[in-house]
Amino acid sequence: MCQESYACSGTDEAVFECDECCSLQCLRCEDELHRQERLRNHERIRLKAGHVPYCDICKSPNGHSPGVRQRALVRCQSCKNNLCLECQKRTHSGSNKRRHPITVYNVSKIQDSMEGEEMDEETKWKKMTEKVVSFLLVDENEEIQVTNEDDFIRKLDCKPDQHLKVVSIFGNTGDGKSHTLNHTFFYGREVFRTSPAQESCTVGVWAAYDPVHRVAVIDTEGLLGATVNLSQRTRLLLKVLAISDIIIYRTHADRLHNDLFKFLGDASEAYLKHFTKELKATTARCGLDVPLSTLGPAVIIFHETMHTQLLGSDHPSDVPEKLIQDRFRKLGRFPEAFSSIHYKGTRTYNPPTDFSGLRRALEQQLENNTTRSPRHPGVIFKALKALSDRFSGEIPDDQMAHSSFFPDEYFTCSSVCLSCGVGCKNSMNHVKEGVPHEAKSRCSYSHQYDNRVYTCKACYERGKEVSVVPKTSASTDSPWMGLAKYAWSGYVIECPNCGVVYRSRQYWFGNQDPVDTVVRTEIVHVWPGTDGFLKDNNNAAQRLLDGMNFMAQSVSELSLGPTKAVTSWLTDQIAPAYWRPNSQILNCNKCATSFKDNDTKHHCRACGEGFCDSCSSKTRPVPERGWGPAPVRVCDNCYDIRNAQLAITEAQAEDEGGTLIARKVGEAVQNTLGAVVTAIDIPLGLVKDAARPAYWVPDHEILHCHNCRKEFSVKLSKHHCRACGQGFCDECSHDRRAVPSRGWDHPVRVCFNCNKKPGDL
């Protein structure tokens, strides 16, 4: 029955034995007593049937036989002590204590049965671990050596639906970590390899399954060892720590070194900063049935000494855990991530080392499911795989902060802004998930990268942030009409909601800067491999070259005189709507003379019909068509009708106003078209570099197709994707699509990869 009588008055059945309270306790008494702060860390064990406690006097420092624990024969109800026969005679022989009421334990039969049961049980446990073998889980390069979840369960040799916890061990190289695991879990069998050589016998991370305690045991590579990839191997330790429920920090030093506290303190900080968020994301992303705890594992510091006392031995009133917390505080490290920190020490006068205390502490922590619950082995593998995918890659030595065991460079993106030099604050490999780069501070403007972004001021005042870019023409203009307007009134800034909000040469004088009137400016970071900032989207020169290419092909295919064919084609492209196309003018509209190849066709500016030179030699202003006040060519019929007005609606006049601008520019172009056509014979590659937009890769840097890797030659032409600016062959860039962000509002050549992107380019 309960011997404490704290909450039950001694009427309930005992369930626990507390060594430090020196009593058997029921559930209610154990809970009420050990809820108090000063009694919280007492060691308790769960009782089995017929349990007989040890003598309380024998195991005390003043006991008659130190190190030998005798079973109790009686319990003194007044002293509340369990006593063996010898201790009872020695302490209760006086007249005062002789009359104390006692309860007699029936030791003889119970002890024999218990020892026999323990022997049988221990033999059974040893048999269960005879076939256990370890396997390499992660190599020294942070690469998982298990292909998938099923392979992990097969190598672990456990059931897929088995719930288990993870126990891992850390410490300096040579401190006997593998030896500790072998004796704590596998009764001394060499499941994890040990060696007397100077070289480390454990490289990477090894794992094995303990069927007795139902835990996955993980052995890690030691700290302070001779290794090449020190940064990567240190980061690997924290990944193992993140999936563990209990970690053992093994130290064989006579005194606790600062490295222990710095390692645990830095690991706690890195765990809270990088792994808490990632474990939550993994739970949601993988749809795990059991949530991964964001609170770190429990820590057991296993300290073995030979010549010095254990921690707290010289101050019996101080709990070892309190002394450890004081050491953390003095070093400025705060292990807030760990659910608990326990100290378990053993002093070895003569080998072998006693691991029984560590085993009892582990069993007690494994039974505690308040913060870390057991889960399926598949969940453990998914968590390790997710952390390995997230935090991987080389760590540049020049960016290392060696004052910390786990600096941010182990887990954060290594990209640095080209303009201001600030690093990205996001986790590693975040770009794979579509998360853009992000910095803690604002960027500074660099003329080299022109890292400005324009947003429409009117939309911003309405609560929307719409990015706009300067470009050659509006999206509503045809390609040649936009080119003509660009020559006449400069580049435009167009908002998807507000339309064209700015033209650079809208007025003859007094044109204001767009930043002062219609747009807001924001300075953005310039990350390597990205070009999302403001670029020169004025592609008028390239459009003209594209047109020249098309005209040259037309000249070659139709076998016409270059000057006549180009002039006729260009005239049709920029002609007002009321003009008859050149291809339909076969005879003079007045004298019916048939036009030959060398004959020149003239359009009357009033009626738009085609005439020969003799029938359209007169000139006069045509204000109703927008030609004035200077005289222009008209036919004889329209010249005679001086006072007649053409029936043109206001809508037609407004529509033809923009076309007229294009025609005026076209006439100026025609005066020098002979020189342009002559230039077609010169290889266009000589002027491509001068005409190409700023984001295009120069031709001399493009040696092979960016997609299929075919090498360019005389027979294989290179083409630029209008979206990304890379060079491609015709097969990999035959798609056509508008690229508004680059100033191409009409379908133009894009590569295969850009064409697959959703939304506007």
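This is a predicted model: local features need pLDDT of at least 70, side-chain atom pairs count only at pLDDT 80 or more; totals for chains, interfaces and linings use all residues.
Q: Why is I169 called buried?
A: Buried means under 20% relative accessible area. I169 has a relative accessible area of 0%. That value is under the cut-off, so I169 counts as buried.

Q: Where is I169, and which residues is I169 in contact with?
A: I169 lies in strand β8 (residues 165–170). Contact means heavy atoms within 4.5 Å. Leaving aside neighbours within four places in sequence, I169 is in contact with K177, T180, L181, I218, D219, T220, I248 and R250.

Q: How far apart are I169 and T220 in sequence and in space?
A: In sequence they are 51 residues apart. In space they are 6.4 Å apart, C-alpha to C-alpha.

Q: What makes β5 and β6 edge strands?
A: The open sheet has 3 strands in the order β5-β4-β6, with antiparallel pairing. β5 (81–83) and β6 (102–104) each pair on one side only. Neighbouring strands of this sheet are turned by 25° against each other on average, direction ignored.

Q: How do you know that β4 and β6 pair?
A: Two strands pair if there are at least two bridges between them. Strand β4 (residues 74–76) is joined to β6 by 3 bridges. That meets the cut-off, so the two strands pair. They run antiparallel.

Q: What makes a set of residues a nonpolar core?
A: The residues must be buried, of nonpolar types such as Leu, Ile and Phe, and joined through side-chain atoms within 4.5 Å. The largest such core here has 51 residues. Among those with the most contacts inside it are L137, F152 and F170. Helix α7 (residues 258–286) gives the largest share, 9 residues. A second, separate core has 20 residues, including V167, V191, I300 and F302.

Q: Which residues does F170 touch?
A: Not counting residues up to four places away in sequence, F170 touches K177, T220, L237, V240, L241, I247, I248, Y249, R250 and F263.

Note on methods: Residues are numbered from 1 along each chain as its sequence is written. Side-chain values use heavy atoms; hydrogens and water are left out. Helices (H or I, at least four residues) and strands (E, at least two) are DSSP runs, numbered from the N terminus. Axes are lines fitted to C-alpha atoms, for helices over the stretch in contact, and angles run from 0 to 180 degrees between N-to-C directions. Buried means under 20% relative accessible area, exposed over 50%, partly exposed in between (1.4 Å probe, protein chains only).
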